[in-house]
Amino acid sequence: MTFIRSTFKKNRSLWLPALNYIRAMSSEGPTSAFSTLSISRPSNAITHVELNRPEKRNAMNRAFWSEMVDCFTEIAGDSECRVVIFSGAGKIFTAGIDLMDMASDVLQPEGDDIARTSWNLRRIITKYQETFSVIEKCPKPVVAAVHGACVGGGVDLITACDIRLCTQDAWFQIKEVDIGLAADVGTLQRLPKVIGSRSLVNELALTARKMYSDEAKSCGLVSRVFPDKEAMMDGALELAGEIAARSPVAVQGTKMNLIYSRDHSVAEGLDYMATWNMSMLQTQDVMKSAQAAMEKKTPKEVAFSKL
């Protein structure tokens, strides 16, 4: 041990970068190497997923569709993570689908005849749908932070998130009709339930017009608008911190039941909730939270077990 200590002291400048890298890697959450996503742990229990193709305006290439599934599958099982922030690197959030990279999958599907070609194309479409459905299936709340353009597949992505924030320069566009197809990976199914106005959804989807941040805020697509990206990311981190401070049993149960209730009747939602809480109410987190409230402590002062 004495030899190790003396060697470390003599070569401190050589060892520190390696030690810092190990520390950073150990706190990142998902350990898979992704080519289109950057994963970090900016604060305790918070995972930051960033679209990371800034040189291509964060366009969604072939690798992205499978990496998203792998990433959120890992996050779902990561007990260290309680909430996720999703953003884009560079000048914009995303330009949507990378048409040059994806054209062969969509325009030239394999198959010996129309029936087999159709089945193969359906398989491809359902695979792409899972890329965003996996965000909903992940029990950890996901906060989308949008700056600049959010086009096509970007709208599919953020409508699967739980909370949406944006900058003043953000704009949103359902672009698919401009390239000769109907949006098929989530926007037409989720957006009507996000903003509530069928007329506005129809207008946006049928005309491909841009919707800017002020309209996005007024219609409920986003809940908060920030002056710039730096302020937005600070706000997203503060919001994520508030969520992460609460009981993960309560937070994840709330997300799962909100999504279930969205797609079912009130009666079905209540029945599902009763079944859910007949076990979840037996958690120690209820007593911990009640005791903290009586002692006038904040949720951040309560130590909840990992989930």
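**Confidence and architecture**

Reply: The chain of this predicted model has an average pLDDT of 89, and 90% of the residues score at least 70; pLDDT is the predictor's confidence in each residue, from 0 to 100. Because the model is predicted, local features need pLDDT of at least 70 and side-chain atom pairs count only at pLDDT 80 or more, while totals for chains, interfaces and linings use all residues. Residues are numbered from 1 along each chain as its sequence is written, and side-chain values use heavy atoms, with hydrogens and water left out.

Me: Where does pLDDT stay under 50?

Reply: That stretch is residues 1-28, for which the model has nine contacts (heavy atoms within 4.5 Å) beyond four places in sequence. Where pLDDT is low, the predicted coordinates should not be read in detail.

Me: Why are helix 11 and helix 12 called roughly antiparallel?

Reply: Helix 11 (residues 248-262) and helix 12 (residues 266-280) pack at an angle of about 160°, their axes being 10 Å apart. Axes are lines fitted to C-alpha atoms, for helices over the stretch in contact, and angles run from 0 to 180 degrees between N-to-C directions. Angles under 35 degrees count as roughly parallel, over 145 as roughly antiparallel, 65 to 115 as roughly perpendicular and the rest as oblique; the two helices are therefore roughly antiparallel to each other.

Me: Which residues of helix 11 and helix 12 make the contact?

Reply: Helix 11 contributes V249, G253, M256, N257, Y260 and S261, and helix 12 contributes E268, G269, Y272, M273, W276 and M280. These residues divide into seven nonpolar, four polar and one charged. Ala, Val, Leu, Ile, Met, Phe, Trp, Tyr, Cys and Pro count as nonpolar, Asp, Glu, Lys and Arg as charged, and the others, Gly among them, as polar.

Me: What makes strand 1 and strand 9 edge strands?

Reply: Six strands form an open sheet in the order 1-2-3-4-6-9, with mixed pairing. Strand 1 (37-43) and strand 9 (224-226) each have a single partner strand, so one side of each lacks a neighbour in the sheet. The twist averages 25° from one strand to the next.

Me: How do you know that strand 1 and strand 2 pair?

Reply: Pairing requires at least two bridges found by DSSP; strand 1 and strand 2 (residues 46-51) have five, in the antiparallel sense. I39 stands opposite V49 in strand 2.

Terms used
Helices (H or I, at least four residues) and strands (E, at least two) are DSSP runs, numbered from the N terminus.
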